[in-house]
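Please examine the sequence and the model below.

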Amino acid sequence: MELRKALAIAEELKALLKKGLDGQHDKSMLRPSEAAEFLGVHINTVRRWGDRGLLRSYRLGAGRHRRFAMRDLKRFLRSMCSGPSALP
């Protein structure tokens with residue numbers, strides 16, 4: 001059962017990666033809500049992954065607002081597609 005679930009997640013991640021590579025998301029820096037939508041997860045998950053260093057984030061401006069680079073999101077998806085053992 002766990003293997004089936006991991007394979008389903010991997011397929012979902014591959015679909016998300018293809019979506020990103022097709023240019024549907026061409027902004028280079030995304031807000032946490034946009035990154036969460038792109039990855040198909042809750043905004044708090046994106047923040048947590050950023051805090052844990054699993055997903056690179058940048059602090060911009062005087063307010064130190066968190067932003068995510070599209071290239072980093074794509075790299076993250078590729079690493080998730082490399083196998084079930086890579087899942088956070």
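In this predicted model, the largest nonpolar core holds 14 residues, and those that touch the most other members are Phe-38, Leu-39, Val-46, Leu-55, Phe-68, Leu-73 and Phe-76. Helices H2, H3 and H4 (70-81) each supply at least two residues of this core. The most come from H4, which gives five residues.

Leu-55, when residues up to four places away in sequence are not counted, touches Leu-39, Val-46, Trp-49, Gly-50, Phe-68, Asp-72, Leu-73 and Phe-76. Phe-68 lies in strand E3, which spans residues 65-69. Its relative accessibility is 0%, and Phe-68 therefore counts as buried. With neighbours within four places in sequence left aside, the contacts of Phe-68 are Ser-28, Met-29, Leu-30, Arg-31, Pro-32, Ala-35, Val-46, Leu-55, Arg-56, Ser-57 and Leu-73. Gly-50 stands 18 residues from Phe-68 in sequence, and the C-alpha atoms of the two are 8.9 Å apart in space.

The core can now be placed within the chain as a whole. The chain contains four helices and three strands, and from the N terminus on these elements follow the order α-β-α-α-β-β-α. Of its 88 residues, 35% are buried. Among the contacts between residues at least 6 apart in sequence, 51% join residues at least 24 apart. The chain exposes about 5,800 Å², and 51% of this area is supplied by carbon and sulfur atoms.

Is helix H2 enclosed by the rest of the structure or exposed? Six of its eight residues are buried, so H2 is largely enclosed by the rest of the structure. The buried residues are Pro-32, Glu-34, Ala-35, Ala-36, Phe-38 and Leu-39. After H2 comes Gly-40, which has a positive phi, near 75°.

How does H2 meet the helix H3? H2 (residues 32-39) and H3 (residues 43-52) pack at an angle of about 105°, and their axes are 8 Å apart. Angles of 65 to 115 degrees count as roughly perpendicular, and H2 and H3 are therefore roughly perpendicular to each other. On the H2 side, the contact is made by Pro-32, Ser-33, Ala-35, Ala-36 and Leu-39, while H3 contributes Ile-43, Val-46, Arg-47 and Trp-49. Seven of these residues are nonpolar, one is polar and one is charged.

Two further residues are partly exposed. Asn-44 belongs to helix H3. Because its relative accessibility is 38%, Asn-44 counts as partly exposed. Ser-33 is eleven residues away from Asn-44 along the chain, and their C-alpha atoms are separated by 8.9 Å. Arg-64 is located in the loop between strand E2 (58-60) and E3. The relative accessibility of Arg-64 is 48%, so this residue also counts as partly exposed. Its phi is near 55°, a positive value in a residue other than glycine.

How values were computed
Residues are numbered from 1 along each chain as its sequence is written. This is a predicted model: local features need pLDDT of at least 70, side-chain atom pairs count only at pLDDT 80 or more; totals for chains, interfaces and linings use all residues. Side-chain values use heavy atoms; hydrogens and water are left out. Axes are lines fitted to C-alpha atoms, for helices over the stretch in contact, and angles run from 0 to 180 degrees between N-to-C directions. Angles under 35 degrees count as roughly parallel, over 145 as roughly antiparallel, 65 to 115 as roughly perpendicular and the rest as oblique. Contact means heavy atoms within 4.5 Å. Ala, Val, Leu, Ile, Met, Phe, Trp, Tyr, Cys and Pro count as nonpolar, Asp, Glu, Lys and Arg as charged, and the others, Gly among them, as polar. A nonpolar core is a set of buried Ala, Val, Leu, Ile, Met, Phe, Trp, Tyr and Cys residues joined through side-chain atoms within 4.5 Å. Buried means under 20% relative accessible area, exposed over 50%, partly exposed in between (1.4 Å probe, protein chains only). Accessible areas come from the Shrake-Rupley method with a 1.4 Å probe; for residues, only the protein chains shown count as cover.
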